[in-house]
Amino acid sequence: MDTEGTHDSRGTRRDAVPRPAAPPPPVGPPGVPAMPPAPPRWEGSARAGGAPLPSPSGAAPSSDNARTSLVTWMRVPRPAASPGVWKYGHIPKPPEDPDRVPARRLLSGALIAGLCAWLLWRVVINGYLGGWYMWFFYVFTSESWYETSDGALDQESFAEATRVYEYILGFAIFAFFGRVGQWPEVCRRYVGPLFRAPTGALPSPAPHADPVEWPELRAAGAHGAADRLAAEARGGRMNDVDHSRIDRAWESVRAQPSRLAAFTDTVLRYGAAACGHPSGVRDLPVRTARHDLLAQQVRIGAATEDLRNPYEFRGVGLALDPAVLGTSLLAVGPPGAGKTGRLVRPVVESLCLQALAGRVALVAVGAAGAGIGPDDAFDVVVKIGRPESAYDLDLYGGTTDPDEAAGVLAEALVGDMAHALPGGDSRRAATALAQLLGPFRAAHGRFPSVPELRELLEGSRAAIDALRAALAAVGESAQARELDARVRQSAAAGDVGALLADRVALLDRPAFADFFATAGDRKPFSLRALEHPLRVRIDLPERGHAEASRMLARLVLAQFTECAVGRTDRSLFACLVLDDASHTVTPEALRGVQRLRAANAGAVLTLRTLDDVPEALRSALLGAVGCRMAYAGITTWDGARFAEVWGTAWVEARDVTDRQVISDEPMTKVLHFIRKVVTGKDATIQSVTVRKVERERWSASELAHSVPPGHAVLSVTSVRGESAPPVLVDLRG
C-alpha cells in the first residue's frame, strides 16, 4: 500500500514477506499512512557506552537539552558545497591567497620586528645615540610654554612634556617596525578570532523562514499541522528521524495535492509519530557515527591539512550520502585498515535511519559477526546456515520467469570462472539451467529446491523420468522438448551441467538443509521487496563454507542489480552494502553495477586487495564506480591502479638553482671566506624558476607509503556528474 512517503513492506512477492517481530500498525483510511497504535514517546538514542548522542537525537526528549538541540539542528545552515563535504554548519573557505605568508615566517618576522623596535626605542631614549632625537621637540615647542610667572623654567612641566614626546617617538618606531613585521596580518589571523562572538547561538530567523515553524506547510494552508509539528519539536517529542520522515511524506503530498487533507488529519492525530515506518520504530537502538538526516549525510572523517589536498578541502569534514552512493563506491584496504568499522558500519547506520524515514531500501551483506550492525537495527535478518535464523533467502530472487532465474543463478554458481567456460561467459550455464527450471516450474508450479536441482543437473534417471511424466500429465510438450534437449546435451563432452552440479552441491549441505526452500508454508525473503523501505541484513556462512559464501554473495549482488533496475517505483534509493566483495566481481556484475546509477540505486563494495578481482576486470571495476577509496597499507600495484584512474593535474613546480659567487674584490673575498668557515658552505645566489607541469594527483608510491594509519584517500562523484578530487581523509577526525 502506498503511504505518505513510506510503503508497507507486506506483499513483496505474491505472498506476504515475513514481518519483523513487532506487530504491524493498523492501516487507516485510503491515502493515510500506516500508524502505530499510539504515538510512542521517544526516549532518544545512546552510544554503545551508554552516553547520549550530542545531536538532535541525543538526550531524552523531556529535557531542555533535547528541545534545544533539535531546534538548533533544524536552524543550522547547510550551504551548497562540493560533493562529499559535510554540510552541517559548513563555512566555505575564502579564496586562496597565493601571496599568503606562511605562519612560521609570519610569526618569526613579527617577533623579530618587535624586538628590534623595542631595542631601538630603548637605545634612543637612553641617550646612547646622543640628544639629536629631541631636535623635533625643540623645533615645534617654545620655551615660554614651560616658564613660570617669574620667568624661571618649570622643570616638572618640561619633564612631563619630554616624556610624552618620547612615547610619541616610541609609537612611531613601533608603528614602522610593525608595518615591516606585518603585525596587522598577525592580528587578523590569530588575535581577532579570540574576540569574535561565539557561533554556538544562532539568531532566531523570521517566522516565515523558520524551519521549526514548517513554512512550506503554512504556505499550502496546513496551518494546524504546522502548529502541531512545531509544538512537537519545541516540546522535545520529535527527533531527527521523525522530521525526515514527515518531510518525506510532505514531498509525496506536493506530488499529489489530493493527499493534503489526509496528511493534515494524520499529523493532527499523531503529531511527530505520523507517517510512521511499517515496523513502528522511530530510531535506532545505537548510533556510532554523526548523522545529518536533513542533508541525508553521515560524517566519515575530516580532510587533513596536507598540501596534496586541494585548498578548499583542507580541514573540511567529509561525508557520504545517497547523491554520491548512487554512483557506487569501492573501498580497498588491507585487513584491519578500518573498512568495516569506519566506513561500512557508519554507511549502514545512516541508510537504516533513512529507511526509517521512508527514503531508502537497504540490503547489507557480510560475514556473521562482522559488526555491520545489531539485529535490532534491521527489519529482516537472514542468517544463512544458522538454525536460529527467522528468515530464509529466495534462491531465485522472487521471479517467476525461468530464464531470468536461470541467468541470476548461473551468475552466482559459475560467474567467477566464466572466462574458462565455452564462449567466455555464463550464457551456456544459464541456458542449461533454464532447460531444467522451465520444465520443473511448468510441472510443479514452483522452482526446484537445492537437492532437486542437484539431481537434475547430475542427470539422475529417476529425477528426469519423474519430471518427464509430470510434464506429460499437464500437457507441456514444449517444456518436454526443453528437457530432452538438456538430456542430449548432458551426454556431450565438456557439458557445463557437471560443473553446475558440483557448484550446487556446495549448497546441498546439512548446514543449509533448512534454507532455500521452495515448497511448504515457509516464505523466503526476496529482493523484490526493494520497492519498500526495508532494512535487511544477510549474514553469510564463513567457517567451513567459504566457497558457498562467495557464491551466495554473487547471488545477492546479481539479484540486487536485477531487482533494483526492474523496479516500477524508483522513488526509494536502493543500496547494497557488500562487506568483502572478494571473488564476487564478474563481467556481468560490472554491467549490473553500471546500470544502478540510472535506477536510483547504488552499491558499496569493499576489497582487501584488487588481486581478489580478475586482472582483466580491475581497471573496469575502478571505472564502473564513481567513488573510490584507498586505505593506508595498500600495495604499490594496487596504488598504481588508483593513480591511473585519478589521473593528473596541473601544478606549479619551483626549480631552485644555486650559483656560486666569485668576487675579485679583496674585502668581498674576506667576507666570503669568513662565511664559508662559519656555515661550511660557499657563498651562492639562488635563481628560482616557476613553471606549470602535469603530475599525478597521487602516485602509486605515495598511496602505498605516505598514507598514515587511520587515513584513506577518497574521491567522490555525484549522480549529477559533479566530482571531487582525491582527498586525504583522517577517518578518526
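D416 and R503 form a salt bridge in this predicted model, with their closest N and O atoms 3.0 Å apart; a salt bridge is here a side-chain nitrogen of Lys or Arg within 4 Å of a carboxyl oxygen of Asp or Glu. Because D416 lies in the loop between α12 (402-414) and α13 (427-444) and R503 in helix α17 (residues 496-505), the pair ties together parts that are 87 residues apart in sequence. Helices (H or I, at least four residues) and strands (E, at least two) are DSSP runs, numbered from the N terminus. D416 is partly exposed, at 26% relative accessibility, whereas R503 is buried at 11%. The class limits are under 20% relative accessible area for buried, over 50% for exposed, and partly exposed in between (1.4 Å probe, protein chains only).

Residues are numbered from 1 along each chain as its sequence is written, and side-chain values use heavy atoms, with hydrogens and water left out. As the model is predicted, local features need pLDDT of at least 70 and side-chain atom pairs count only at pLDDT 80 or more, while totals for chains, interfaces and linings use all residues.

The search of the whole structure finds 44 salt bridges. One of them joins E349 to R345, with the closest N and O atoms 4.0 Å apart. These two residues are four residues apart in helix α11 (residues 339-356), so about one helical turn separates E349 and R345. E349 counts as buried at 4% relative accessibility, and R345 counts as buried at 18%. A further pair, E588 and R591, has its closest N and O atoms 3.0 Å apart. Both E588 and R591 belong to helix α19 (residues 587-596), where they sit three residues apart, about one turn of the helix. Here E588 is partly exposed, with a relative accessible area of 37%, and R591 is partly exposed at 42%. Salt bridges that share partners also build a network, which joins R75, D210, E213, R218, D227 and R234.

Turning to the helices, α13 has 18 residues and reaches 25 Å from its first C-alpha to its last, close to the expected 26 Å. The expected span is 1.5 Å times one less than the number of residues in the helix. Since 13 of the 18 residues of α13 are buried, this helix is largely enclosed by the rest of the structure. Just after α13, G445 takes a positive phi of about 75°. Helix α8 (residues 240-255) has 16 residues and covers 23 Å from first C-alpha to last, close to the 22 Å expected. Twelve of the 16 residues of α8 are buried, so α8 too is largely enclosed by the rest of the structure. Among the buried residues of α8 are D240, D242, H243, R245, R248 and W250.

Q182, which is not a glycine, has a positive phi of about 55° and is placed in the loop between α4 (155-180) and α5 (183-191). Q182 is partly exposed, with a relative accessible area of 33%. For C275, phi is near 55°, again a positive value in a residue other than glycine. C275 is found in the loop between α9 (260-270) and β1 (291-292), and counts as buried at 0% relative accessibility.

E232 in helix α7 (residues 223-234) is buried, with a relative accessible area of 7%. E232 and A273 are 41 residues apart in sequence, yet 9.7 Å apart in space, C-alpha to C-alpha.

The surface carries patches of two kinds. Patches are made of residues with over 30% relative accessible area and no salt bridge, like charges being joined within 9 Å and nonpolar side chains (Val, Leu, Ile, Met, Phe, Trp, Tyr) within 5 Å. Accessible areas come from the Shrake-Rupley method with a 1.4 Å probe, and for residues only the protein chains shown count as cover. E96, D97, D99 and E312 gather in a patch of negative charge. Lys and Arg count as positive and Asp and Glu as negative, with His and the chain ends not counted; the place of a charge is NZ of Lys, CZ of Arg, CG of Asp or CD of Glu. D99 lies in the loop between α1 (64-75) and α2 (103-125) and is exposed, at 64% relative accessibility. M667, V670, L671, F673, I674 and V677 make a nonpolar surface patch of about 630 Å². L671 belongs to helix α22 (residues 666-679) and counts as exposed at 51% relative accessibility.
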